[in-house]
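User: Please take a close look at the pockets of this model. I would like one connected account.

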Amino acid sequence: MPPKIAGLKNCFGCGLCAAACPRKIIDIRLDADGFYRPFIDEIDSCIRCHICDETCAFLNPDNEFPAPVGSFAVWSTDDETRARSSSGGVSLEIARKLMSDGYKFCGVRYDIQKHRAEHFIASTPEEAIESCGSKYIQSYTPDAFKKIDLKEKYLVVGTPCQIASFRRYIRKFNHEDNFVLMDFYCHSVPSMHAWKHYITKVKKTHGEMARVSWRDKKNGWHNSYRILIDLISQTKSGSPNQYSSAFSDGDIFYRLFLWDLCNNEACEKSCIYKKNKSQADIRLGDLWGNTYHNDKKGVSAVVAFTPKGKSVIENLDTCVRKPHTFEVVTEGQMKNNIRHASMRGLMIKYLRTGHASTAIVKALIFIQRIINKTNRILKIK
Ligand SMILES: Cc1cc2nc3c(=O)[nH]c(=O)nc-3n(C[C@H](O)[C@H](O)[C@H](O)COP(=O)(O)OP(=O)(O)OC[C@H]3O[C@@H](n4cnc5c(N)ncnc54)[C@H](O)[C@@H]3O)c2cc1C
């Protein structure tokens, strides 16, 4: 029987199947809707070992999750790290700490040539800096995951679904001891068509891009859903010209993403990792809610799910750490999966044409808002 992976039309796109396949015949590429999926072009080379199917968290949804063993508010004492990170800069501090203990780090950077987020392996704390800050698009994993030597020590960070598959992978080959796994509270991932549409418009009006950040804190952490792009062109003083656009001012990418207008169907229908459900040792997030609502620099929500994760957090000497109840730490997090947006199919089809007009994208967003409002009044879910 061919692997089930071969017939998957809609999955998390975590790419672990490609890393685990002993014949390396699974390719991860964008599908027509702009999401990473596995493709097997040479099915005759498949040896039917089914390791890909076994590794896949989408095909094998977990029934059991470890209970949280500690929850904290944490932030880096280094202001620079905190400024370049999405919340408290804890991800980089954990990477630095574990690297000093002999671990390598597998995190996500943005490749400005290919315009994609991708997992990469950092061997030094300097190399790990590129991982700072959330890239709110699906990351391309297989190149990095294939390079990981299971016999060496690694900190691996990713979305909860990527980490759930990663857990299955290292458990299958009996190498869990070598790994610290870290995920985060995850809204969902948007179609790459949305991001490509966005950057095409930016490049057309502002020229080529040198660097992207999705979370600019210049107006404070609570208003940091702001995309800041350093452009190749320079000001008279030699610093890069910048493009800046915030969700609170109607940024179109953030509207598409955070209003669930073009997000992965698997996030809507199959995500089982909200609240206290994680296969990671450590989970991060933004500590929204009442307790830190006056903070301007960023506070990370940190939940330890294993004694190993807890010990990593308790030994972080470059961070401020405050224990809180799980409820306080996760107060602002989504309780349910993203909603189904009736305009989603149409929006993705339109964006994939490659020459979508922003006015029409905005009109579709507006129609969705009217539908949502009407549904709320009529109490339709
Ligand atoms: C798609 C996405 C959705 C998210 N949704 C939520 C949410 O609903 N609620 C919430 O509180 N937090 C969410 N986060 C996490 C949040 O943005 C912060 O990453 C978190 O607060 C930790 O911040 P930090 O300052 O400690 O570290 P940061 O410096 O922000 O570290 C981010 C870490 O995430 C990794 N990373 C970055 N982009 C990606 C990516 N595309 N895929 C996989 N790993 C990535 C990096 O390698 C780095 O280790 C989301 C992140 C992403 C990428």
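Analyst: Start with the second largest pocket. By class, its lining has nine nonpolar, six polar and eight charged residues. That makes a lining of 23 residues. Nearest the centre of this pocket lie E130, C132, R211, V212 and S213. Its volume is about 430 Å³. Bear in mind throughout that the model is predicted.

Which elements build this second lining? Two or more residues each come from α3 (79-84), β9 (209-213) and β10 (226-234). The largest share belongs to β9, which gives four residues.

Now the largest pocket. About 1,100 Å³ of space lies in it. Its lining counts 50 residues, and those closest to the centre are S134, Y136, F184, Y185 and D286. Five elements are to be named here. They are α4, β4, β5 (116-122), α9 (252-258) and β12, each giving two or more residues to the lining. By class, the lining of the largest pocket splits into 20 nonpolar, 24 polar and six charged residues.

The ligand sits in this largest pocket. Around the ligand stand 34 residues. The closest of them are S91, S134, Y136, Y185 and D286. S134, Y136, Y185 and D286 are also named among the residues closest to the centre of the largest pocket.

The shell around the ligand has its own make-up: 12 nonpolar, 19 polar and three charged residues. Three elements each supply at least two residues of this shell: α4 (90-100), β4 (104-111) and β12 (282-286).

In the side chain of S134, an N or O atom is 2.6 Å from an oxygen atom of the ligand. V108 takes part through its backbone: one of its polar backbone atoms is 2.8 Å from an oxygen atom of the ligand. S300 brings a polar side-chain atom, 3.2 Å from an oxygen atom of the ligand. The protein covers 98% of the 900 Å² of accessible area that the ligand has on its own.

How values were computed. Residues are numbered from 1 along each chain as its sequence is written. This is a predicted model: local features need pLDDT of at least 70, side-chain atom pairs count only at pLDDT 80 or more; totals for chains, interfaces and linings use all residues. Side-chain values use heavy atoms; hydrogens and water are left out. A residue is near a molecule or strand if one of its heavy atoms lies within 4 Å of it. A polar contact is a pair of N or O atoms within 3.5 Å; within protein, one must be able to donate a hydrogen and the other to accept it, and residues adjacent in sequence count only if both atoms are side-chain atoms. Accessible areas come from the Shrake-Rupley method with a 1.4 Å probe; for residues, only the protein chains shown count as cover. On a 1 Å grid over the protein atoms alone, a cavity is a set of points where a 1.4 Å probe fits but cannot get out, and a pocket is an open set with protein on both sides within 12 Å along at least five of seven lines; lining residues have an atom within 4 Å of a point. A molecule sits in a cavity or pocket if more than half of its atoms lie within 2 Å of its grid points. Ala, Val, Leu, Ile, Met, Phe, Trp, Tyr, Cys and Pro count as nonpolar, Asp, Glu, Lys and Arg as charged, and the others, Gly among them, as polar. Grid points are joined across faces, edges and corners, and a volume is the space filled by probe spheres set on the points.
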